[in-house]
Amino acid sequence: MQKPKNLRSLDVKAFAKAQMRLEGETPVVEFERLAEDCVGDVTGQVIWSVEGAVQPDASGKDAIWLHLEAKANVPLTCQRCLHPVPVELLIEQDFRFVADEATAVAEDDESEEDLLVLEDHFDVLALIEDELLMALPLVPMHPTCLSEQAPTSKEEEAILAEAKPNPFAVLASLKTRKH
Ligand SMILES: [Zn+2]
């Protein structure tokens, strides 16, 4: 198999059988969904590698695998000070390909690896983007902003706890009043 040129349309089966490995750098801006979550100038690169293999699955049957690694540094919005905060995303994930969606659903719970449906024209860059999106922090924050945040939220918790009476305590006090 020749080195595949189009990562948006990879013959995964042939790639895995040839035990090929590809690596490269793709500008973050080319991952449109990821770039949408960034702020300011998005100048960074996603550094990635993908490796194919044919190896037995848990039941001992030969299966098609991809091992994916990717890293990127993306500018997100700090949820405390609202300034940009650089966040490093790191991905290292094994994927096993199965025949159809039903098999993927059936075997998903007992598999450590992620399951994907085998396609002749598999979009590796879309997979990398999906994984990067899943690695995004829910609440991006500067480390210094995070440490300022902690005591405040505890204070807030205390205030909330006092303001909202415990329903069981209310019930108990009602019961006592009846007697
Ligand atoms: Zn901040």
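Predicted model: local features only at pLDDT ≥ 70, side-chain atom pairs only at ≥ 80, totals over all residues.
Numbering starts from 1 along each chain as its sequence is written.

Reading from the N terminus, the order is α-β-α-β-β-β-α-β-α-α-α.

Now the sheet. The five strands make an open sheet, S1-S2-S3-S4-S5, with mixed pairing; two strands pair if DSSP finds at least two bridges between them. S1 and S5 (114-117) sit at the edges with a single partner strand each, so one side of each has no neighbour in the sheet. On average, neighbouring strands are turned by 30° against each other, direction ignored. For angles, axes are lines fitted to C-alpha atoms, for helices over the stretch in contact, and values run from 0 to 180 degrees between N-to-C directions.

Helix H3, residues 101-108, packs on this sheet, touching S4 and S5, and its direction makes about 170° with that of S5. Contact here is C-beta atoms, placed from the backbone, within 7 Å. Then there's H4, which lies across S1, S2, S3 and S4 at about 55° to S3.

Zooming in on the pairs: S1 and S2 (45-56) run antiparallel, joined by seven bridges, and Glu25 stands opposite Ile47. S2 and S3 are antiparallel too, with ten bridges; there, Trp48 has Ala70 as its bridge partner.

Buried means 20 or more other C-beta atoms within 10 Å of a residue's own, with C-beta atoms placed from the backbone. Over the chain's 179 residues, 16% count as buried.

Last stop, the core. A nonpolar core is a set of buried Ala, Val, Leu, Ile, Met, Phe, Trp, Tyr and Cys residues joined through C-beta atoms within 7 Å. The largest one has 24 residues, and Val12, Val28, Val46, Ala72, Ile128 and Leu132 touch the most other members. H1, S2, S3, S4 and H4 each supply at least two residues, and S3 gives the most, with five. Leaving out residues up to four places away in sequence, Val28 touches Val46 and Ala72, among others.

Definitions and conventions:
Helix = DSSP H or I, 4+ residues; strand = E, 2+ residues; numbered from the N terminus. Buried ≥ 20, exposed ≤ 12 C-beta atoms within 10 Å, placed from the backbone. Contact = placed C-beta atoms within 7 Å.
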